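Please keep the sequence and the 3D view at hand while reading.

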Amino acid sequence: TDLGKCMLARDEPQTFIDMFQELSEASKRAAMDEHCVSVYARCLARADDAPGASKLRMEHIDGGTDNAALYADEARYLIATNRAEAARELLKRGEKSGVSNEYTDSILATALEALAQPLAKNGYGQYLLGLLKEKVY
């Protein structure tokens with residue numbers, strides 16, 4: 001996992017992917033905890049395999065992960081690919097499963113803002129968008 005983070009910092013995600021692929025299946029299973037899955041998925045995404053990263057994250061999310069980073073990264077990917085409603089549903093699913101934090105909440109707000117953009121065409125919609133941007137104490 002630390003090596004993957006290092007390769008991300010050096011902008012060499014493919015190096016980590018290649019090294020991981022060379023491991024035996026037993027070694028891969030032993031090394032692949034939820035944190036490592038998150039780092040490996042980030043490497044895949046940075047190496048231009050965003051669909052592969054999404055597939056890996058969703059396998060673990062569907063498998064019942066309690067890693068909020070996987071939910072967060074998948075939701076950000078969904079928003080970036082114009083699927084804000086799917087991101088909202090995913091984050092609500094995580095919330096119901098007890099897998100949420102301030103970061104996933106902020107991504108949920110981003111998804112809601114994206115969903116609200118069509119409302120910005122009228123005055124009431126602009127008012128609602130303004131409420132979304134207000135600080136809540």
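A residue counts as buried when its relative accessible area is under 20%, as exposed when it is over 50%, and as partly exposed in between. C6, with a relative accessible area of 37%, is therefore partly exposed. The model discussed here is a predicted one. The points below are grouped by topic.

**Aromatic rings**

- A pair of aromatic rings is described by the distance of the centres and the angle of the planes.
- The structure contains four aromatic pairs. In one of them, the ring centres of F16 and F20 are 6.3 Å apart and the planes stand at 35 degrees, so this pair is classed as tilted.
- Where do F16 and F20 lie? Both belong to helix 2 (residues 13-21), where they are four residues apart, or about one turn of the helix. F16 and F20 are both buried.
- F20 also pairs with Y40: the centres of these two rings are 4.9 Å apart and their planes are at 45 degrees, so this pair too is tilted.
- Because F20 lies in helix 2 and Y40 in helix 4 (residues 34-46), the pair ties together parts that are 20 residues apart in sequence.
- The relative accessible area of F20 is 8%, which means that F20 is buried. Y40 has a relative accessibility of 7% and so counts as buried.
- Through these ring pairs, F16, F20 and Y40 are linked into a cluster.

- K28 has its place in helix 3 (residues 25-31).
- Is K28 buried or exposed? Its relative accessibility is 14%, so K28 counts as buried.
- When neighbours within four places in sequence are left aside, K28 is in contact with F20, Q21 and L23.

**Cysteines**

- A disulfide is a covalent bond between the sulfur atoms of two cysteines.
- How many disulfides does the model have? The count comes to zero, where the sulfur atoms of a pair would have to lie within 2.5 Å.
- For C6, the closest cysteine sulfur is that of C43, and the separation of 10 Å is too far for a bond.
- For C43, the closest cysteine sulfur belongs to C36; at 8.8 Å, this is likewise too far for a bond.
- C43 has a relative accessible area of 0% and is therefore buried, whereas C6 is partly exposed.

**Helix 1 and helix 4**

- The axes of helix 1 (residues 2-9) and helix 4 come within 9 Å and cross at roughly 25 degrees. This angle makes helix 1 roughly parallel to helix 4, because angles under 35 degrees count as roughly parallel.
- The crossing of these two helices is left-handed.
- Which residues meet where helix 1 packs with helix 4? G4, K5 and L8 in helix 1 meet H35, V39, R42, C43 and R46 in helix 4.

**Helix 6 and helix 8**

- Helix 6 (residues 68-80) and helix 8 (residues 102-116) have axes that come within 10 Å and cross at roughly 15 degrees. Helix 6 is thus roughly parallel to helix 8.
- Helix 6 makes a left-handed crossing as it passes helix 8.
- On the side of helix 6, the residues that meet helix 8 are A68, A72, A75, R76 and I79; their partners in helix 8 are Y103, T104, I107, T110 and A111.
- Y71 is also found in helix 6, and with a relative accessible area of 2% it is buried.
- Not counting residues up to four places away in sequence, Y71 touches I61, T65, L90, L91, G94 and V99. Y71 and V99 are 28 residues apart in sequence, yet their C-alpha atoms are 8.0 Å apart in space.
- N82 lies in the loop between helix 6 and helix 7 (84-96). Its relative accessibility of 73% means that N82 counts as exposed.
- N82 and A111 are 29 residues apart along the chain, and 9.6 Å separates their C-alpha atoms.

**Helix 8 and helix 9**

- The axes of helix 8 and helix 9 (residues 123-133) come within 10 Å and cross at roughly 170 degrees. These two helices are therefore roughly antiparallel to each other.
- L112, E113 and A116 in helix 8 meet L129, L132 and K133 in helix 9.

Terms used:
Residues are numbered from 1 along each chain as its sequence is written. This is a predicted model: local features need pLDDT of at least 70, side-chain atom pairs count only at pLDDT 80 or more; totals for chains, interfaces and linings use all residues. Side-chain values use heavy atoms; hydrogens and water are left out. Rings of Phe, Tyr and Trp (its six-membered ring) pair if their centres lie within 6.5 Å; planes under 30 degrees apart count as stacked, over 60 as edge-to-face and the rest as tilted. Buried means under 20% relative accessible area, exposed over 50%, partly exposed in between (1.4 Å probe, protein chains only). Axes are lines fitted to C-alpha atoms, for helices over the stretch in contact, and angles run from 0 to 180 degrees between N-to-C directions. Angles under 35 degrees count as roughly parallel, over 145 as roughly antiparallel, 65 to 115 as roughly perpendicular and the rest as oblique. A crossing is left-handed if the near helix is turned anticlockwise from the far one by less than a right angle, and right-handed if clockwise. Contact means heavy atoms within 4.5 Å.
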